[in-house]
Amino acid sequence: MTARMTARRRLAAASGALSLTLLLGACGGTSGTDAPAATSASEQAATFGEADTVFAQMMVVHHEGALEMAGYAAAEAETEEVRALAERIEAAQGPEIDLMTGWLGQWGEEMPDEADMGGMDHGGMDMEGMSQEEAMEELRGLSGTDVDRRFLELMIEHHRGAVEMAEEQLAEGENPEAVELAGRIIEDQQAEIAEMEGLLADL
């Protein structure tokens, strides 16, 4: 009788200890991993400063200028290589515009067409002293490989402007996603500058 009671007590004690361990483990899993991860992601998304806002606003306008020129070259350029490059620029920069306008909406900041851009044409980066409208007017007045050549010359200058703006964001930006995008823009557009210089040399 005594042995049977002792066994029951040991079983009850073991069951209680197991239940306590499972309960503590469950609590630890919720507060130790899931909740902080969600909070961290939310905090990162909400972290931004004036430099991030200006970068997004100006780069959206700058990208829109690139899309306009690339769209024209994709349709009118003489060489297949230049048309293919123009199509890649369109494919890359369209989604980046959507990404940055999404940030501006999330941050409660003005969209580029509503923001005061300080009179700066397409992000403050003109091309050889020309505005976006003047550059497009010149392109539309050309034909044959002259379209290819002038598109490449203007887009090289346009890309250099984007790289300069992205470098400023790397130095001053606070939002992790915006800083990451700036790094990608620098890498991608420097590679495209080298490609366009090679295409120019072959024309």
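Visitor: Is Gln 189 buried or exposed?

Guide: Gln 189 has 4% relative accessibility, so it counts as buried. The cut-offs are under 20% relative accessible area for buried, over 50% for exposed and in between for partly exposed (1.4 Å probe, protein chains only). This is a predicted model: local features need pLDDT of at least 70, side-chain atom pairs count only at pLDDT 80 or more, and totals for chains, interfaces and linings use all residues. Residues are numbered from 1 along each chain as its sequence is written, and side-chain values use heavy atoms, without hydrogens and water.

Visitor: Where does Gln 189 lie, and which residues is it in contact with beyond four places in sequence?

Guide: Gln 189 lies in helix α6, residues 176-202. Helices are DSSP runs (H or I, at least four residues), numbered from the N terminus. Beyond four places in sequence, Gln 189 has contacts (heavy atoms within 4.5 Å) with His 63, Gln 93, His 159, Ala 162 and Val 163.

Visitor: How do I read an aromatic pair?

Guide: Use the distance of the centres and the angle of the planes. Rings of Phe, Tyr and Trp (its six-membered ring) pair if their centres lie within 6.5 Å; planes under 30 degrees apart are stacked, over 60 edge-to-face, the rest tilted.

Visitor: How many aromatic pairs does that rule give?

Guide: Two. Phe 48 and Trp 107 are stacked, at 4.7 Å centre to centre and 5° between the planes. Phe 48 is in the loop between α1 (2-46) and α2, and Trp 107 is in helix α3, so the pair ties together parts 59 residues apart in sequence. Trp 103 and Trp 107 also stack, with centres 6.0 Å apart and planes at 20°. Both Trp 103 and Trp 107 are buried, whereas Phe 48 is partly exposed at 26%. Phe 48, Trp 103 and Trp 107 form one aromatic cluster.

Key: Helix = DSSP H or I, 4+ residues; strand = E, 2+ residues; numbered from the N terminus.
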